[in-house]
Amino acid sequence: MYQHIVQYYETDKMGITHHSNYIRWMEEARIDFLSQIGWSYAKLEEEGIISPVVSVECKYMHSTTFADTVDIEVIVREFNGVRLKLKYIMKNDKGVTVCEACSEHCFLDEKGMPIRLKQKYPLFYNTLIECCSY
């Protein structure tokens, strides 16, 4: 579980968190998740693995404001060895879901060519398989 505290600069003139920030929080939570499973972004980059975002979708359910605490759960929804789909459930300190979102990622080498993780990075592949919530 990743926790984010809404910053003042993340809010708009009405005092509500601007919608674009939820996508930033997804990235923060994804980086934290990967570190928790032993595959930090630094480690991935050292191995020559790049993981760009292929798609993002968000469903905004309740607003947040400055100083709110948002807990973000990251769930591996799908992983086929080439593409990874993550789900994010964001809840406020009252346990109310404020946003549900998904991001999809692929894995490339430093030249931008797709990587088959099962063959080239079996430890990372197995770790992601173990995290799947099928």
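Is R77 buried, partly exposed or exposed? In this predicted model, R77 is partly exposed because its relative accessibility is 36%, where buried means under 20% relative accessible area, exposed means over 50%, and partly exposed lies in between (1.4 Å probe, protein chains only). R77 belongs to strand β3; strands (E, at least two residues) and helices (H or I, at least four) are DSSP runs numbered from the N terminus.

Residues are numbered from 1 along each chain as its sequence is written, and side-chain values use heavy atoms, with hydrogens and water left out. Because the model is predicted, local features need pLDDT of at least 70 and side-chain atom pairs count only at pLDDT 80 or more, while totals for chains, interfaces and linings use all residues.

Rolling a probe the size of a water molecule over the atoms shows where empty space is left. A search of the whole structure finds 1 cavity of 30 Å³ or more. Here a cavity is a set of points, on a 1 Å grid over the protein atoms alone, where a 1.4 Å probe fits but cannot get out, and lining residues have an atom within 4 Å of a point. Points are joined across faces, edges and corners, and the volume is the space filled by probe spheres set on them. The largest cavity holds about 50 Å³. Its lining consists of R30, L34, Y41, L44, S51, L84, L86, F107 and F124. At least two lining residues come from each of α1 (20–36), α2 (41–46) and β4 (83–92). The lining comprises 7 nonpolar, 1 polar and 1 charged residues; Ala, Val, Leu, Ile, Met, Phe, Trp, Tyr, Cys and Pro count as nonpolar, Asp, Glu, Lys and Arg as charged, and the others, Gly among them, as polar.

S51, one of the lining residues, is found in the loop between α2 and β2 (53–60). S51 counts as buried because its relative accessibility is 17%. Its side chain reaches the backbone oxygen of C106 at 3.2 Å. Beyond its neighbours within four places in sequence, S51 is in contact (heavy atoms within 4.5 Å) with Y41, H105, C106 and F107. V53, in strand β2, is partly exposed, with a relative accessible area of 43%. Residues up to four places away aside, V53 touches R30, E104 and H105.

In soluble globular proteins, nonpolar side chains tend to be buried together. F124 touches L34, W39, L44, I49, F107 and L117, with residues up to four places away in sequence not counted.

T17 lies in the loop between β1 (2–5) and α1. T17 counts as buried because its relative accessibility is 6%. The side chains of T17 and T64 make a polar contact at 2.6 Å, a term for a pair of N or O atoms within 3.5 Å; within protein, one must be able to donate a hydrogen and the other to accept it, and residues adjacent in sequence count only if both atoms are side-chain atoms.

Key:
1 Å grid on protein atoms, 1.4 Å probe; cavity = no way out; pocket = protein on both sides within 12 Å on 5 of 7 lines; lining within 4 Å.
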